Each structure stands twice: as C-alpha cells, then as structure tokens.
Amino acid sequence: TAGIGGRRRSDQTGKGSEFARWYAQQPRVNLPVPRDGAKVLIVKFSDYQCPACAQAYLLYRNLFARYQTTNPGEVRLVEMDFPLNPGCNAAVPRIVHTASCEAAVAVRLAREHGKGDAMEEWLYTNQARESPASVKAAAREIGGVTDFDARYPSVVAAVRTDAALGALNNVHSTPTFFINGTMLAGTLPPQFFQQAIEIELQKASQSPR
C-alpha cells in the first residue's frame, strides 16, 4: 500500500489510473457473506486493540457514513473479528494483544443492547489502557452488558468462527478488508479506499440486471 499512498503527483488523473491498475491486480476471493442487496460489500477483519485498526476506524468512518446518505443500501460494511490472540484465534501463534478476545466479545454483547458503536468507539480510543478487566468494566458501563462472564464461552466461539474464515482466506494481519472480494491488507489513504468503492459501484451499474 505504501507504493500507492506514498507517491506524490500533481496529475490526479494519473494517480487514479495508477490506483485502478494496482487495485485490479489484488487477490480476489468469494467470501460466504451475504450482500443483503448491496452493490458493494466490504468485509473488514480487525482487532480492537490493533493501532492500525483504530487508525482505519477513524479515517474511514465518515466515508462510510457519507455513503449511507448518498448511496443508501448500496454499500454494506460487515465487521468480522480477527483478534491477534491464540485464545480466540487458532491462526495466531502468540499473544499480541492481551485483551483482544474480550474486546471482540464486548462489542458483540453491546450490540445486543444497541450500544455496539459506543463500545467500538471506547475500545479504539482507549487502547493504551486496555486489559481483560478494563474491557469487562467498559462492557458493563458503556455497553450495558451485565452477564459478560456467563455469555463469554458461547460468544467467543463466534469470534473463533470469524477468525477461522479470515485465516482460510489468507488474512495474516489487521486490518484486512475485502471489497467485493478484492483483498486489501492494511490501511489505504481514504481517497484510495473511496476510489476502490467507486470502482465497484461503477462495475455494478454496468452489470446486466
């Protein structure tokens, strides 16, 4: 990604053409994730303790919100868990983030109370002080979760399922995005991430119905 985002050119058209060529060369897979009628399905594998994931979250959230307004129902984001912790991800050989399993479970449980977004916000903006205990406390205070320990075994099984799907499709780091199946590892500058979405929207509009 550095080769795309790191170059400076005054010719914006040249940049666009260069990115389009690069994007077309990226691996493409079929993920078993429903589109639910969307023209562009974005699947994000992430770890809530991963600094690069926090960066992507902050860089892209306004972009996703804008598409909800300008292209309602056409761009769907599906978040999947890939914690860098062997406690809930068999593909990871060692613990990188000590509270990432608890964080993934906390978001899932908070979503049941309509507070998933607030839980994500807290996790991404408080990474430096996260521990299993602090995440559980935040799940209670921010996510309204009162039964974390009792629910943990069943919910972490769903986290493991996400992680296994990621590993099966060559996810090795976080964040990793799949835009209509095209794999993008790491965090692209927002203008290029948006261009990838626009490429897929254009393809969809040209496809026979």
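The structure is a predicted model, in which local features need pLDDT of at least 70, side-chain atom pairs count only at pLDDT 80 or more, and totals for chains, interfaces and linings use all residues. Residues are numbered from 1 along each chain as its sequence is written, and side-chain values use heavy atoms, with hydrogens and water left out.

Helices (H or I, at least four residues) and strands (E, at least two) are DSSP runs, numbered from the N terminus. Two strands pair if DSSP finds at least two bridges between them. Strand β1 spans residues 40–46. Its link to β3 (residues 176–179) is antiparallel and consists of four bridges. With strand β2 (residues 75–81), β1 pairs in the parallel sense over seven bridges. I42 has L77 of β2 as its bridge partner. Between β1 and β2 the chain passes through helix α3 (residues 51–70), and this β-α-β crossover is right-handed. Right-handed means that, with the strands pointing away from the viewer, the path from the first strand over the helix to the second runs clockwise.

Strand β1 is mostly covered, with seven of its seven residues buried. Buried denotes under 20% relative accessible area, exposed over 50%, and partly exposed in between (1.4 Å probe, protein chains only). In a regular strand the side chains alternate between the two faces of the sheet. In β1, V40, I42, K44 and S46 point one way. L41, V43 and F45 point the other way.

Backbone geometry was examined next. Most residues other than glycine have a negative phi, and most peptide bonds are trans. D36 has a positive phi, near 55°. This residue lies in the loop between α2 (12–24) and β1. D36 counts as exposed because its relative accessibility is 59%. N170 also is not a glycine and has a positive phi, of about 65°. N170 is located in the loop between α7 and β3. Its relative accessibility is 48%, so N170 counts as partly exposed. P175 is placed in the loop between α7 (148–168) and β3. The peptide bond joining T174 and P175 is cis, with omega about -5°.

E120 belongs to helix α5 (residues 116–125). E120 counts as buried because its relative accessibility is 4%. Contact is defined as heavy atoms within 4.5 Å. Neighbours within four places in sequence aside, E120 is in contact with Y48, Y57, E79, V107 and R111.
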